Amino acid sequence: MNKEQDILFSLLAAAVRSQMPLLGDVSSEQWKEVFHLANVNAVVALTFEAISKLPKEKMPPQNVFMMWLAIAEQKKEHNRRCLEVLSEVICVFEANEVKYAVLKGLGVANDYPDFVLRDGGDIDLLIPTCDERADELLLKMGGKVTSRIDLRVGITYKGVYLQIHHTPTHYKKSNDYLKSIYDFQSVDIGGVDVVIPKPQFMILHLLLHIDRHLKVSGIGLRHITDLYFFFTKYEGQYDKILLQKEIKKLGIEPVSRFLMWVLSSKYGLEDVSLPFSPSENKYSTIVLENMVKGGNFGINADIITDIDRSQGLLKRVSSASWIHVRRTLMLSKIGVKIDFLRPLKDKFVFLKKKPLR
């Protein structure tokens, strides 16, 4: 990994523990690149917590520091705004007896020291009973439909994007299993009572979500940081043996073990806190480097540069499809199996269905 990526991980490892990061000399240009990586990986607010603990002589240049501060405050304010909107939606849903649960996002932000420290995007609401009134009520409140993806409806309300999920994932096998273990709890997030999944359902859904994004459209460090806070908060509150069986059954073991390696080697999470042992091979660092470079939805990242064996087979495939092919080849090196021709079969659906963030 290059120095800028190492610095970013040093900031994250310090931030999750509320400690001062230990950094060597960092040039102005390197600080600019570190900020860029923090931004594309959606960890600006959290890493700024570590930045703010640095001694004066180790601080980034003033222009970088002020930009980091400004974006971090924007992220925090966006989270507060999302919670306000969510509170309104919850009141309407409860008044009409519509069951819901907040997936990912604000639901996972509850595991952070302060929910505003998780760089937020949209609000993901699972409607476990597939109650179509959820969509109708949001429209009556003044929401506008901005996307329809399978059994997901994207609605913008008061400037906040809400995605209504009538199934928890994109895949039937995963949906059938998750529906069989639906289990929810009420928690306090910023003074608002919010329904979220219980730990066993939550961690499996998070791993499925990361697995899909890593394979299809890119994933950032925000989602791996979510795992860190989950494992530190819910240790002993979910069945590790059952989770091991679940990830094997649903075909996400290679990616899950790769994620455990990242948490162990880069975040410093002790193996005893992990649900299963990390897995590393000579390609793990290459995959991680390109994942960090691409960030969230990093579909246009240079996924690999040295594995181009199949280029001659698909000369007519679009550049987007070629990126998917290259990603497939790279991830195969850590044991991940992906439908090699998915972009053609889905008619580039992984681009068309990119959520609004």
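Colleague: What lies 2.8 Å from a polar atom of the side chain of R152?

Modeller: The backbone oxygen of T169, in this predicted model.

Colleague: Which side chain does R152 join in a polar contact?

Modeller: That of H165, at 3.1 Å. The cut-off is 3.5 Å, so the pair of R152 and H165 side chains counts.

Colleague: Why is R152 called buried?

Modeller: Its relative accessible area is 4%. Buried means under 20%, so R152 qualifies.

Colleague: Where is R152 placed, and which residues does R152 touch?

Modeller: R152 is in strand β4, residues 152–157. Leaving aside residues up to four places away in sequence, R152 touches S147, Q163, I164, H165, T167, P168, T169 and H170.

Colleague: What makes β6 and β7 a pair of strands?

Modeller: Strand β6 (residues 184–189) and strand β7 (residues 192–197) are joined by 6 bridges and run antiparallel. Pairing requires at least two bridges, so β6 and β7 are paired.

Colleague: How many residues lie between β6 and β7 in the hairpin?

Modeller: There are 2 residues between them, and G190 in the turn has a positive phi of about 55 degrees.

Colleague: Which residue takes a positive phi just after α12?

Modeller: G295, with a phi of about 70 degrees. Within helix α12 (residues 284–294), the buried residues include V287, L288, M291 and V292.

Notes:
Residues are numbered from 1 along each chain as its sequence is written. This is a predicted model: local features need pLDDT of at least 70, side-chain atom pairs count only at pLDDT 80 or more; totals for chains, interfaces and linings use all residues. Side-chain values use heavy atoms; hydrogens and water are left out. Helices (H or I, at least four residues) and strands (E, at least two) are DSSP runs, numbered from the N terminus. Buried means under 20% relative accessible area, exposed over 50%, partly exposed in between (1.4 Å probe, protein chains only). A polar contact is a pair of N or O atoms within 3.5 Å; within protein, one must be able to donate a hydrogen and the other to accept it, and residues adjacent in sequence count only if both atoms are side-chain atoms. Contact means heavy atoms within 4.5 Å.
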